[in-house]
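Here is a friendly briefing to read alongside your model.

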Amino acid sequence: MKQLCALFLIFIISSSLYSQKNTDLQLDILSFNRLAETAEWLYTYDAVAWWTSDSVMTNDKSEIERLGGEWFCFQGKDSLWHAVYGSYEDNTFDLVFHYKVEADYTIRRVYESVDTSMTNSFSRALNLAKGIAAPELDTMPVGFNQYIRRNDDNTITVWLLPAMSKNNDAVYGAEFIYTIDENGLRILKDESYIQGPLRGFAIGEPREIWVNYSELDQPSLDGVFFVWYFKKYFTSIKLETKYYISSIFKTEEGAYYWIHVQKEKEAVKKNKKNKKKN
């Protein structure tokens with residue numbers, strides 16, 4: 001909550017440069033905050049997946065051979081992260097590995113039971129989402145990472161976002177986002193967006209990079225996630241949308257905050273159009 005309050009205050013300061021001239025042009029900060037929260041959650045999910053997948057590969061080959069494409073992470077009632085790996089066949093999830101990330105970030109394999117209604121519905125939802133996205137995914141030059149979460153209304157959201165390329169490039173430009181019914185059987189909402197050919201930046205040389213979403217009025221989740229995920233790999237990442245340039249600022253204490261600066265020329269253009277309409 002403190003971080004979000006600071007984020008809002010920084011937004012007000014940065015946008016006030018043009019607020020007197022362009023009072024009718026504003027970033028939807030509430031929507032952006034939701035995207036930022038989701039991006040941070042996906043970032044943690046991704047870390048848990050990497051940590052536990054390394055542990056998976058140290059197990060007996062006979063167990064590893066039982067794995068399918070159905071795996072996912074989730075937070076338990078104690079807010080600790082879990083990761084389960086298995087396969088889904090004949091309407092049943094075969095749980096092979098179950099890992100738990102303790103509060104001190106220790107990762108251990110556990111043999112606790114997992115709610116079958118969750119493992120089955122999550123497996124169906126993942127397979128459904130990947131099946132719907134397959135025609136587009138098959139044309140992409142990189143793989144896509146999968147993320148899944150149960151929502152407060154019991155529906156399920158699946159995200160498919162670009163993974164790093166084989167050449168160690170950070171990639172952006174497409175996102176597949178599906179809200180699915182609680183049983184994982186039916187798509188309720190499709191919020192996917194494909195910008196065009198995927199773009200990327202080689203990782204290695206610290207430098208400033210620009211993520212171009214200038215065709216959009218508001219930032220996309222993929223753009224926000226890209227900036228948050230790769231913030232430590234580059235000296236600065238500018239996320240450009242039609243009216244704003246957004247970036248992350250790191251304090252001396254090591255905290256990160258978003259800053260949004262309005263693009264004056266685009267703001268003037270929009271204001272002129274609005275005046276003509278009136």
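A residue counts as buried when its relative accessible area is under 20%. Glu-240, with a relative accessible area of 19%, is therefore buried. Please keep in mind that this is a predicted model. The protein chain holds six helices and 13 strands, and 46% of its 278 residues count as buried. Among contacts in the protein chain with a separation of 6 or more, 55% are made by residues 24 or more positions apart.

**Salt bridges**

- Side chains of opposite charge can pair when their charged atoms come close.
- How many salt bridges does a search of the whole structure find? The search finds six, and three of them are described here, beginning with the one formed by Glu-240.
- Glu-240 forms its salt bridge with Lys-263, and the closest N and O atoms are 2.8 Å apart. This pair links distant parts of the chain, with Glu-240 in strand 11 and Lys-263 in the loop between strand 13 (256-262) and helix 6 (264-277), 23 residues apart.
- Lys-263 is buried too, because its relative accessible area is 15% and the cut-off for buried is under 20%.
- Lys-238 and Glu-208 join their side chains in another salt bridge, at 3.2 Å from N to O. Lys-238 belongs to strand 11 (residues 236-240) and Glu-208 to strand 10, so this pair ties together parts that lie 30 residues apart in sequence.
- Is Lys-238 buried or exposed? With a relative accessible area of 18%, Lys-238 is buried, while Glu-208 counts as partly exposed at 42% relative accessibility.
- Glu-63 and Arg-109 also form a salt bridge, in which the closest N and O atoms are 2.9 Å apart. Here Glu-63 sits in helix 3 (residues 61-64) and Arg-109 in strand 4 (residues 107-109), so to speak two distant parts of the chain, 46 residues apart, that the pair links.
- Arg-109 counts as partly exposed, at 22% relative accessibility.

**The largest pocket**

- Rolling a probe the size of a water molecule over the atoms shows where empty space is left.
- The volume of the largest pocket is about 560 Å³. Its lining is made up of 20 residues, and those closest to the centre are Leu-35, Thr-38, Trp-159, Ile-177 and Glu-191.
- Which elements each supply at least two residues of this pocket's lining? They are helix 2 (29-56), strand 6 (156-162) and strand 7 (169-180).
- Helix 2 gives the largest share of the lining, with four residues.
- Sorted by class, the lining of the largest pocket has seven nonpolar, six polar and seven charged residues.

**The second largest pocket**

- At least two lining residues come from each of strand 1 (70-75), strand 2 (81-89), strand 3 (92-101), helix 4 (116-137) and strand 5 (144-150).
- The class count for the lining of the second largest pocket is eight nonpolar, seven polar and seven charged residues.

- Ser-220 is found in the loop between strand 10 (208-212) and helix 5 (221-229).
- At 7% relative accessibility, Ser-220 counts as buried.
- A polar atom of the Ser-220 side chain lies 3.1 Å from the backbone nitrogen of Gly-223.
- Leaving aside residues up to four places away in sequence, Ser-220 touches Leu-35, Glu-175 and Tyr-213.

**Two residues with positive phi**

- Ser-79 is not a glycine, yet its phi is positive, at about 70°. Ser-79 is placed in the loop between strand 1 and strand 2, and at 49% relative accessibility it counts as partly exposed.
- Tyr-105, also a residue other than glycine, has a positive phi near 70°. Tyr-105 is found in the loop between strand 3 and strand 4.
- Is Tyr-105 buried or exposed? Tyr-105 is exposed, because its relative accessible area is 60% and the cut-off for exposed is over 50%.

Note on methods
Residues are numbered from 1 along each chain as its sequence is written. This is a predicted model: local features need pLDDT of at least 70, side-chain atom pairs count only at pLDDT 80 or more; totals for chains, interfaces and linings use all residues. Side-chain values use heavy atoms; hydrogens and water are left out. Buried means under 20% relative accessible area, exposed over 50%, partly exposed in between (1.4 Å probe, protein chains only). A polar contact is a pair of N or O atoms within 3.5 Å; within protein, one must be able to donate a hydrogen and the other to accept it, and residues adjacent in sequence count only if both atoms are side-chain atoms. Contact means heavy atoms within 4.5 Å. On a 1 Å grid over the protein atoms alone, a cavity is a set of points where a 1.4 Å probe fits but cannot get out, and a pocket is an open set with protein on both sides within 12 Å along at least five of seven lines; lining residues have an atom within 4 Å of a point. Grid points are joined across faces, edges and corners, and a volume is the space filled by probe spheres set on the points. Ala, Val, Leu, Ile, Met, Phe, Trp, Tyr, Cys and Pro count as nonpolar, Asp, Glu, Lys and Arg as charged, and the others, Gly among them, as polar. A salt bridge is a side-chain nitrogen of Lys or Arg within 4 Å of a carboxyl oxygen of Asp or Glu.
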